[in-house]
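Please keep the sequence and the coordinates at hand while reading.

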Amino acid sequence: MKKFGLIGFPLNVSFSKGYFEKKFECENLNNHTYELFPMSNVSEFPEFLKKHPDLCGLNVTIPHKKTVMPYLDELDESASEVGAVNVIKFQKNGRLIGYNSDVFGFEQSFLPLLKQHHRSALILGTGGAAMAAAFVLRKHKIPYQFVSRQKTSDLLTYRDLLEDRHCESESSKQSMSGLLHSVRNDDDSFNIIINTTPLGMTPNVDSYPDLPYEKITSDFLCCDLVYTPEETLFLKKSKAQGAVVKNGLEMLHLQADQAWEIWNS
């Protein structure tokens, strides 16, 4: 029996289990199983491995994409550069290798929507999925800025974006000129927004990123890595302003297919 699974916490909503069980059924892989392994603290990982010596591969989700890395023997190049792992391959010699298939999934779902006027991006969140999105943007030379609830010298906050709505002085307007403003001729403008946070995910469907949505226009591309519900409030509000929107379902399928390739390579 070949056993695969998903670690993370909580695991109330899991795409992966249904996806792989259907795959096993369609391909007559009767000796394959996929299980959910809720893990509140990554420190449980070594003991978990002892209890499941027959594992062939794991997916990793929030909040362990970064914290699981020290427990692995090796990292693939993309996982190392991104600083996050969402796929673990179990080698026959017992070594554990970390990969990041989120990079492949996001790149393949995002690039077809990208237009010439999409110059710079805001990435909402700073977790593992945010790092994968940033990796893809760097690869394609798209400037980006992280947005977080916590203020640091390298991060914008949601409050920064909302305060731009009320800027009074010319100096303030100049310093914040690019934030959530439709592209004109300044390369500092942001008109790509990528939500990598769980805001709006089932069952908390009434939550959404606190943004000045009135500044979003038809020049915007708004991507949400959340896949359930199909259309989050973030996407609904952005679409109402004319933006092109994309949810995370295609990315999820693509990264899962890539994980399967990794486990079987």
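## Residue N59 and the basis of the model

With a relative accessibility of 3%, N59 counts as buried, where buried means under 20% relative accessible area, exposed over 50%, and partly exposed in between, for a 1.4 Å probe and protein chains only. N59 is found in strand β3; helices (H or I, at least four residues) and strands (E, at least two) are DSSP runs, numbered from the N terminus. Leaving aside its neighbours within four places in sequence, N59 is in contact with G5, L6, I7, S16, F20, Y34, N86, V87, A259 and W263, contact being defined as heavy atoms within 4.5 Å.

The model is predicted, with local features needing pLDDT of at least 70 and side-chain atom pairs counting only at pLDDT 80 or more, whereas totals for chains, interfaces and linings use all residues. Residues are numbered from 1 along each chain as its sequence is written, and side-chain values use heavy atoms, with hydrogens and water left out.

## The mixed sheet

Strand β3 belongs to an open sheet of six strands, in which the order is β2-β1-β3-β5-β6-β4 and the pairing is mixed; two strands pair if DSSP finds at least two bridges between them. At the edges are β2 (32–38) and β4 (74–75), each of which pairs on one side only. Strands β1 (residues 2–8) and β3 (residues 55–60) run parallel and are joined by five bridges, and K3 stands opposite L55 in β3.

Two helices lie across strands of this sheet. Helix α1 (residues 15–26) lies across β1, β2 and β3 and runs at about 175° to β2, the axes being lines fitted to C-alpha atoms, for helices over the stretch in contact, and the angles running from 0 to 180 degrees between N-to-C directions. Helix α9 (residues 249–263) lies across β1, β2, β3, β5 (87–90) and β6 (96–99), and its direction is at about 20° to that of β5.

## Helices α1 and α9

The helices α1 and α9 also pack on each other, at an angle of about 55° and with their axes 11 Å apart. That angle makes α1 oblique to α9, since angles under 35 degrees count as roughly parallel, over 145 as roughly antiparallel, 65 to 115 as roughly perpendicular and the rest as oblique. The contact is made by F15, Y19, F20, K23 and F24 of α1 together with L249, L252, H253, A256, D257, W260 and W263 of α9.

The crossing of α1 and α9 is right-handed; a crossing is left-handed if the near helix is turned anticlockwise from the far one by less than a right angle, and right-handed if clockwise.

## The parallel sheet

A further open sheet of six strands has the order β9-β8-β7-β10-β11-β12, with parallel pairing. Its edge strands, each pairing on one side only, are β9 (156–157) and β12 (244–246). Strand β7 (residues 121–124) is joined by four bridges to β10 (residues 192–195), and the two run parallel; I123 stands opposite I194 in β10, while the bridge partner of L122 in β10 is I193. Strands β7 and β8 also pair in the parallel sense over four bridges, with Y144 of β8 as the bridge partner of A121. From β7, A121 and I123 point one way and L122 and L124 the other way, and all are buried.

## Helices on the parallel sheet

Helix α5 (residues 128–139) lies across β7, β8 (144–148) and β10, and runs at about 165° to β8. Helix α8 (residues 233–240) packs on the sheet, where α8 touches β10, β11 (221–224) and β12 and its direction makes about 170° with that of β11. L235 is found in helix α8 and, at 2% relative accessibility, counts as buried. Leaving aside its neighbours within four places in sequence, L235 is in contact with C222, C223, D224, E230, V245, K246 and N247.

Helix α4 (residues 102–110) packs with α5 at an angle of about 55°, their axes lying 9 Å apart, and α4 and α5 are therefore oblique to each other. Their crossing is right-handed, and D102, V103, F106, E107 and F110 in α4 meet A132, A133, F135, V136, L137 and K139 in α5.
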